[in-house]
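This briefing is for a reader who is meeting the structure for the first time. Please look over the sequence and the model below, then read the notes by topic.

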There are 2 protein chains.
Amino acid sequence: MNAGPNIAAVAKLISEPSRAVILTALLDGRFHPASSLAYTAGIKPQTASFHLKKMIEANVVRVEKHGRHRYYGLENYEVAEVLESLLSLAPKVEVKSFKQATNDKAIRYARTCYDHLAGQLGVKMTDSLLDHGFLEHKDNTFNLTPEGETFFHDFEIDLEQVRKKRRTYIHKCLDWSERRHHIAGAVGNALLERLIDLKWIERVPTIRAVKVTTTGKTGLQEVFNIEM
Amino acid sequence: MNAGPNIAAVAKLISEPSRAVILTALLDGRFHPASSLAYTAGIKPQTASFHLKKMIEANVVRVEKHGRHRYYGLENYEVAEVLESLLSLAPKVEVKSFKQATNDKAIRYARTCYDHLAGQLGVKMTDSLLDHGFLEHKDNTFNLTPEGETFFHDFEIDLEQVRKKRRTYIHKCLDWSERRHHIAGAVGNALLERLIDLKWIERVPTIRAVKVTTTGKTGLQEVFNIEM
DNA sequence: TAGATGTTTCCATTATCATCGAAATATGGA
DNA sequence: TCCATATTTCGATGATAATGGAAACATCTA
């Protein structure tokens, strides 16, 4: 009767709450040890191991072994896209603890959306580029302007290298916390990496949040005219 | 502990096999009566009613009432995008019956991917436009060339109207059956509608397949240099 | 080499939820 | 108005799968 791939199978993999937490944590683009993921999901290591195995078998997650440590990350960008699209459709979670509220706030402020910036920071930066005429919004997608290409060159991002990546050059990504779009694609990734290189932002160790450093606040103000 | 939306909830909605079948059927972009969806999913009407109600409450599906008939369709394009992204990640289904094989073949040949063409037809058409220089593949996305805009004008597709839609103008959509890209976005939708207007293609009533008419075979050969 | 640590495997228990029979409600048609 | 059809609502049953205790395996360090 039914023809085509079995979406129920992959959705079922994601629908289990412990696995959803793990997958969401892996959306920061990093690899994490099994024990850390177990802690994050609030389950015992053996349960985490059970779930991680299922996800590996389904080619959703991959593992890198370093001695007795197993580091797990998302299999590829395609998986990340599925998770991101689910995030924009998913119901909000009621905040029930102080720690949860703190984490929620930090994640909304600035975070990684797999490999590019999101949250208030991501959207403000996108708006800044639009306001300065470095980015244009046309045909419901983003494009860099010639002025924008000059700006990126001056900001020491090599767009020729960026163009060579096996990724969309630049596209819109709907930000689930801001309900507006931020920059995604290879350009978005280059921007994230540049800000990390400049030490303007730092990853928060245990959640997908990104923290703006003191230096970063100054730099973002001077270069992008952004208050954070 | 967990911060951000609850992806498990929406994934769980999609992960139930009967609901997955229904949602996949609704990916043809049409509205279907409850009884038809029940039949398609191989469940009793009361079970279908139960599932449809859950999906309506989650804003995944919407209903239009016509007398005693309730016609159900996907809530919006965002939902379709989630389902489509899941399709590209989902495992293939083993074909176990003659009817299933027939449906599978028809769907791979040509189908609607929500609101644009997919399958062999969708990909061949995309390739044709690329070969003729009407479409270019740049920065890992599609763009119409000036020649392409002329072509669409001659094919009686008003691109000015197409541009005004609250949709991406044109983008790539990964075809799960061909594992290559076909055209999506407002341009893709315009193309689908034009072919239907010309009666070059017809929707198959019970599955998401599209049938190429005799007239269509001739037209596609002459205009697009496509053998179907 | 022995003990510590990280991770995986195994299995019985418990919680969750889809299903259909029964019945009720809503609408159309003769 | 009555009967037929489409759909919804209710509830008990049966199937599924995540969980943690126990144990085994893999690697590191003193």
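## Briefing

Ile196(B) is found in helix α10 (residues 186-197) of chain B. This is a predicted model, in which local features need pLDDT of at least 70 and side-chain atom pairs count only at pLDDT 80 or more, while totals for chains, interfaces and linings use all residues; side-chain values use heavy atoms, with hydrogens and water left out. Residues are numbered from 1 along each chain as its sequence is written, and chains are lettered from A and ligands numbered from 1 in the order in which they are written. Helices (H or I, at least four residues) and strands (E, at least two) are DSSP runs, numbered from the N terminus.

**Ile196 of chain B**

- Ile196(B) has 29% relative accessibility and so counts as partly exposed. Buried means under 20% relative accessible area, exposed means over 50%, and partly exposed lies in between (1.4 Å probe, protein chains only).
- Val210(B) is 14 residues from Ile196(B) along the chain, and 9.7 Å separates the C-alpha atoms of the two.

**The three-stranded sheet of chain B**

- Chain B has an open sheet of 3 strands in the order β1-β3-β2, with antiparallel pairing. Its edge strands are β1 (32-33) and β2 (61-66), each of which pairs on one side only.
- Two strands pair if DSSP finds at least two bridges between them. Strands of a sheet pair through backbone hydrogen bonds, either parallel or antiparallel.
- β2(B) pairs with strand β3 (residues 69-74) of chain B over 6 bridges, in the antiparallel sense. Val61(B) has Leu74(B) as its bridge partner in β3(B), and Val63(B) has Tyr72(B).
- β1(B) and β3(B) run antiparallel and are joined by 2 bridges. Here Pro33(B) has Tyr71(B) in β3(B) as its bridge partner.
- The hairpin of β2(B) and β3(B) has 2 residues between the strands, and in this hairpin Gly67(B) takes a positive phi near 65°.

**A hairpin in chain A**

- In chain A, strand β8 (residues 171-174) and strand β9 (residues 181-184) run antiparallel and are joined by 4 bridges. Lys172(A) stands opposite Ile183(A) in β9(A).
- This hairpin has 6 residues between β8(A) and β9(A), and Arg179(A) takes a positive phi near 55° in the hairpin.

**Positive phi in two asparagines of chain A**

- Asn59(A) has a phi near 60°, a positive value in a residue other than glycine. Asn59(A) sits in the loop between α4 (45-57) and β2 (61-66) of chain A.
- Asn225(A) has a positive phi near 60° and is likewise a residue other than glycine. Asn225(A) lies in the segment after α11 (214-224) of chain A, and at 54% relative accessibility Asn225(A) counts as exposed.

**Salt bridges**

- Over all chains, the structure holds 20 salt bridges. A salt bridge is a side-chain nitrogen of Lys or Arg within 4 Å of a carboxyl oxygen of Asp or Glu.
- Asp104(A) and Arg108(A) meet through their side chains in a salt bridge (3.0 Å, N to O). The two are separated by about one helical turn, because they are 4 residues apart in helix α6 (residues 98-109) of chain A.
- Asp104(A) counts as buried at 14% relative accessibility, whereas Arg108(A) counts as partly exposed at 22%.
- Lys211(A) and Glu202(A) form a salt bridge between their side chains (4.0 Å, N to O). Lys211(A) is partly exposed at 47% relative accessibility, and Glu202(A) is partly exposed with a relative accessible area of 38%.
- In chain B, Arg30(B) forms a salt bridge with Asp28(B), with the closest N and O atoms 2.9 Å apart. Arg30(B) counts as partly exposed at 21% relative accessibility, while Asp28(B) counts as buried at 2%.
- A network of salt bridges links Asp139(A), Glu149(B) and Arg163(B).

**A patch of positive charge**

- Lys12(A), Lys54(A), Lys12(B) and Lys54(B) gather in a patch of positive charge on the surface. Patches are made of residues with over 30% relative accessible area and no salt bridge, with like charges joined within 9 Å and nonpolar side chains (Val, Leu, Ile, Met, Phe, Trp, Tyr) joined within 5 Å.
- Lys and Arg count as positive and Asp and Glu as negative, while His and the chain ends are not counted. The place of a charge is taken as NZ of Lys, CZ of Arg, CG of Asp or CD of Glu.
- Lys54(B) lies in helix α4 (residues 45-57) of chain B and counts as partly exposed at 35% relative accessibility. Accessible areas come from the Shrake-Rupley method with a 1.4 Å probe, and for residues only the protein chains shown count as cover.
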